[in-house]
Amino acid sequence: MGINFRKETFRDDFTFRNSPEFIRRFPFPFHEDAYMYAVNIEPHVQGPKGTVFENLIDVDEHYVSEMQDRAKVLAEDPLRCQSLPHMTLAGWDLLELLMTEQAKGYPEHFTLTRDGDRWRWINRPLGIDDTFTFGDLSTLPYGPMEYITRQSQGDFCILDQRDGNLWMDAGMVTTQADWSLDFDIGMNFFEWHAPVPLAHEKGIFTRALKFLTNIQQGKPARRLNWTMTINPRLDTSPENYHKWGPDRTTVTPDNVGDKVHLRVELQSFWRLPRSNALVFPIRCYLIKMEELVTVPKWARRFHRVLRDLPNELVEYKGLTRYRPAVIEWLSKYDDGAPTSPGFTPD
Amino acid sequence: MSAGTTKLNVTVTDVVAVNELVKRFHFERSDGGDLPTFSGGAHVVVEMRDGDKSRLNPYSLMSSPHNTRDYTISVRRDDSGRGGSLFMHNRVKRGMEMVISYPVNLFSLDLRARKHLLLAGGIGITPFMAQTAQLAGEGGNFELHYTCRTPALGTYADVLRDRYGKRVNIYYDDTNERLPLERLLTSQPLGTHLYVCGPAGMIRWVRETAAAHGWPDETVHYEHFAAPQPGLPFDVTLALSKMQISVGEEQSLLEAMEAAGIDPPYLCRGGVCGQCETNVVSYDGTFRHNDHWLTEAEHCSGKKIMPCVSRFEGKSLVLER
């Protein structure tokens, strides 16, 4: 039967919303009533039907509109997509991964046919039917990474692995939580994480790097990260801060439910076979406060998490200005009842 | 996460005697599917079940990384080793079912290099078979220098010459041909990366000479899997598991732990990757460190051991496992 793709916007009139069954599958990131950094990494294996882990590369009802939004971002700012010269092979690796996983998970929407190096890719939602030679740049309209990430939800960072470190040497980044590929390109793991508070002191990055450099082919891993966004805007980049920064002053007690969004990133980590690089797909999911509170457990828990969040994290995530209004609004949905352990709705 | 990598069930499709010391083994997936693509320099761990003994040895993949029908490895017979290579030579036959790991690459090409200078000694040629296939396919700039004992033992020298012509240079010990290392290291264009795989002495010589001529560390790549050495048997107490185990003469400490049902993480089983690093709780005796992972200071500290290749002689050893 396939997915019913919504026609919606992530800018201007902001018509984005989640349909009821997509609210239930939202990757709510808090397994208990408090939040602190941890190396919360687990194997990226398929999960139950009706969750975002049903397929390892998730496609949802926002797919077509997100791809249209990405095309607009790229038209205004081509530097959101960059690949250093030695990363082309990794781009082909990523093209293979995304085509294979999308065709496997959603055969009614995507078809990949391989005849040696001659590949045919059909993307029905976007009306694409291309035949090309794998490995031959001249047979695609863009480089392999750009070609496939214009057709895949989420941001993608490709990291070269050398000298015991990871290097941000290629990426497609248009739905980011206030960081810039153009600024980070060529940096190593510690350099691009330098602004994160508290985690360095806890030794989290040293341990995380050790884990990531040992990720093996066929054994991807994942973690969830979160922040909040005012209006359902995918492109909250530093480059466009002047467009979304002022939104944070517009939150009032009356508009919290519609304007304030929990923004969850599903980050997964994959070893790429030909290049030995790693790819981090960073998939962004948005949910409005009025959608979130339709799940009573999530309403109670998110109220408690936000209320008790350490100040450093409030600052770093940019929540300072509107957090009191959101806590006040959420408190109406928290009767103090205990919550069950784990992420899922009761 | 669990020990090692994802496993592959494979069937031995061919065994070829390359010369008097080296045999080549071909594997295909037993279910008929494709094998994973890999990158030049990757190895697989081959599991050898020999009665109640099991050995897991790493071997470099030498087939083209683009060939997903079959994987090939070459094994040099080591008559004084622990028996892994002898098992491969004497017991592994066409049609046999075996288990190997997914490919792991701890000797990856640096794809930024303007030129790749590859130096091989003896059976150290195998990772370069895959790397040259990868580089040639992408129009990469490389030069291979290969030293071996005699023409008869020059494993794949003829194949490489046929494939790559003048980009391959071969030196035979028995006619006193020497790798002109100083000249090579002082005449490379800026942006060259150096790769060496061969006996320990050769790796040391190349790294020291490169350092002496000002090659930055990050441009010098080497792979040295220390095969676990046999040695005197010893007893170990595993403090966390509350167990006593004995390590046999031809068994590694890691294998002895696995035989006792403990599964420390591992990737290379050759003292390189660092996965099986184990803390020492107490000891009375002498460590025989054979790894390339711990620092000299750590070796002297008596606080850590790499159970895949290192051994112990003495009265007692207690490990945090």
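1. Let me begin with a helix pair in chain A. The axes of helix 11 (residues 296–307) of chain A and helix 13 (residues 323–331) of chain A come within 9 Å and cross at roughly 150°. An angle over 145 degrees counts as roughly antiparallel, so helix 11 of chain A is roughly antiparallel to helix 13 of chain A. The crossing of helix 11 of chain A with helix 13 of chain A is left-handed. Please keep in mind throughout that this is a predicted model.

2. Which residues make up this helix contact? From helix 11 of chain A come A:A299, A:F302, A:H303, A:L306 and A:R307, and they meet A:R323, A:V326, A:I327, A:L330 and A:S331 of helix 13 of chain A. Sorted by class, the contact between helix 11 of chain A and helix 13 of chain A has six nonpolar, two polar and two charged residues.

3. Next, the place where the two chains touch. On one side there are 15 residues of chain A, in contact with 20 residues of chain B. The chain A side divides into three nonpolar, eight polar and four charged residues.

4. Turning to chain B as a whole, its secondary structure consists of seven helices and 17 strands. The radius of gyration of chain B is 20 Å, close to the 20 Å that the globule rule gives for 321 residues, so chain B is as compact as a globular protein of that length. Taken along the principal axes, the box filled by the C-alpha atoms of chain B is roughly 60 × 50 × 40 Å.

5. How much of chain B is buried? Of its 321 residues, 43% count as buried. As for contacts in chain B between residues at least 6 apart in sequence, 67% of them join residues at least 24 apart.

6. Is B:K303 buried, exposed or partly exposed? There are 14 other C-beta atoms within 10 Å of B:K303; a residue is buried at 20 or more and exposed at 12 or fewer, so B:K303 is partly exposed.

7. The surroundings of B:K303 can be listed as well. Leaving aside neighbours within four places in sequence, B:K303 is in contact with B:N279, B:V280 and B:E298. B:S282 and B:K303 are 21 residues apart in sequence, and their C-alpha atoms are 8.0 Å apart in space.

Key. Residues are numbered from 1 along each chain as its sequence is written. Chains are lettered from A and ligands numbered from 1 in the order in which they are written. This is a predicted model: local features need pLDDT of at least 70, side-chain atom pairs count only at pLDDT 80 or more; totals for chains, interfaces and linings use all residues. Two residues are in contact if their C-beta atoms, placed from the backbone, lie within 7 Å. Ala, Val, Leu, Ile, Met, Phe, Trp, Tyr, Cys and Pro count as nonpolar, Asp, Glu, Lys and Arg as charged, and the others, Gly among them, as polar. Helices (H or I, at least four residues) and strands (E, at least two) are DSSP runs, numbered from the N terminus. The radius of gyration is taken over C-alpha atoms; the globule rule is 2.2 Å times the number of residues to the power 0.38. Axes are lines fitted to C-alpha atoms, for helices over the stretch in contact, and angles run from 0 to 180 degrees between N-to-C directions. Angles under 35 degrees count as roughly parallel, over 145 as roughly antiparallel, 65 to 115 as roughly perpendicular and the rest as oblique. A crossing is left-handed if the near helix is turned anticlockwise from the far one by less than a right angle, and right-handed if clockwise.
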